[in-house]
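Subject: Structure handover

Hello,

I am passing the structure below to you. My notes on what was found in it follow.

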Amino acid sequence: MEAMTRSLKPEWLAESVSDEVQPEEGASDCWLTIFAALADGRVAVLDELYDLAAADVYRLALWRVGSAEDAEDVVQDVFVRVAEQGHRLAAVRRPRTWLLTVAHRCAVDLCRRNRRRQADPVEETPYLTAPAADPDRGIEAETLSRLIARLPEKQREVILLRHFADCTFSDIGRITGVPTFTAASRHRLAVAKLRRLLEKNHETTS
Amino acid sequence: MKQPPDSVSDGLAPPVPPSALRDRTLQAARAAMTENGGDDIWSRLWKSRPIRLAWAASVAVLLFGHMVIGTGAPSGPPDTLRPVMAAAGLRDELAKVIDVERVTIELPAWEIRVSRDRVETEPPTTNEDQS
């Protein structure tokens, strides 16, 4: 049982809040090149942008809106909005952060619309999945997904951006439109709550 | 026997987008880019039918207003008085009155009274006193 508990405890639950992830310079140049090409009107570059960014956008949308179908709508909406920007894309200095900001806003808009139409509960959303090479961990993924679903959507979003999108707290603040301190505070609260949920889950299963 | 993994980051990760989403998204993005992407703001304004109608309506209103104001009575004295005023030099006088710079000094009432009393009580200076 101890091994099971250990396996369910994410290592990022013990991570210090002050640690900052530094983005790679090469990756940033790649983003800037793609945005410059899009600003020049090269439609074919959209494929490259999708391969580079779709996973991050989809994950952010999924963790924010809590529904796979809605997350797909957000991805489509984000890419349409990018395509509509045209030559203005050349002025974007931090393309990845800018794109995630657009994704965040689209997801927030969708959340508001969903609240109006009383969306279904999001308990079954697969926030985490097991690797294809290790399907035995599917139960762990389901358990953690259920616990993550119980986090507030803002805290869920910060956890994703911090630990699965390698964003700094400064970037998270820009993306979500809050001060850096607020982003770090949300992360701390999310980790604390997830840790409590894990301990409670361990007690009930044992 | 397989050892349990140490943490989530060893394997668990958020899901990737479904493969069917790629074609759908790129198709919509290409259509949007072809339609709007290469245009500047003026081209997009020109292509928008509501904005074109609003522009035409504003021009019509301006023309109508210009015509109404242009046919109305002119400002100033009536035309019959203008030659008389010009002959009497009244126009120059009026211009001088308008050009006068008005200086307003706001003093409290008691200070005005004190300064007035001082003027009245001061003895007049004469050449004899100065010598």
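A residue counts as buried here if 20 or more other C-beta atoms lie within 10 Å of its own, with the C-beta atoms placed from the backbone. By that criterion, 39% of the 206 residues of chain A are buried. Please keep in mind that this is a predicted model.

Confidence comes first. The model has an ipTM of 0.80 and a pTM of 0.65. For chain B the mean pLDDT is 71, with 44% of the residues at 70 or more. Residues 1-6 of chain B stay under 50 in pLDDT. For that stretch the model has nine contacts beyond four places in sequence.

Next, the make-up of chain A. Chain A contains nine helices and zero strands, so the order of elements from the N terminus is α-α-α-α-α-α-α-α-α. Taking the contacts in chain A between residues at least 6 apart in sequence, 68% of them join residues at least 24 apart.

Two helix pairs in chain A are described in detail, and H8(A) takes part in both.

On the H7(A) side the contact is made by Glu157(A), Val158(A), Leu161(A) and Arg162(A), and on the H8(A) side by Ile172(A), Ile175(A) and Thr176(A). By type, the residues of this contact are four nonpolar, one polar and two charged.

The second pair is H8(A) with H9(A), the latter spanning residues 180-205. Here the axes come within 8 Å and cross at roughly 100°, which means that H8(A) is roughly perpendicular to H9(A). H8(A) contributes Phe169(A), Ser170(A), Ile172(A), Gly173(A) and Thr176(A) to the contact, while H9(A) contributes Thr180(A), Thr182(A), Ala183(A) and Ala184(A). These residues divide into four nonpolar and five polar, with no charged ones.

Regards

Methods:
Residues are numbered from 1 along each chain as its sequence is written. Chains are lettered from A and ligands numbered from 1 in the order in which they are written. This is a predicted model: local features need pLDDT of at least 70, side-chain atom pairs count only at pLDDT 80 or more; totals for chains, interfaces and linings use all residues. pLDDT is the predictor's confidence in each residue, from 0 to 100. Two residues are in contact if their C-beta atoms, placed from the backbone, lie within 7 Å. Helices (H or I, at least four residues) and strands (E, at least two) are DSSP runs, numbered from the N terminus. A residue is buried if 20 or more other C-beta atoms lie within 10 Å of its own, exposed if 12 or fewer, and partly exposed in between; C-beta atoms are placed from the backbone. Axes are lines fitted to C-alpha atoms, for helices over the stretch in contact, and angles run from 0 to 180 degrees between N-to-C directions. Ala, Val, Leu, Ile, Met, Phe, Trp, Tyr, Cys and Pro count as nonpolar, Asp, Glu, Lys and Arg as charged, and the others, Gly among them, as polar. Angles under 35 degrees count as roughly parallel, over 145 as roughly antiparallel, 65 to 115 as roughly perpendicular and the rest as oblique.
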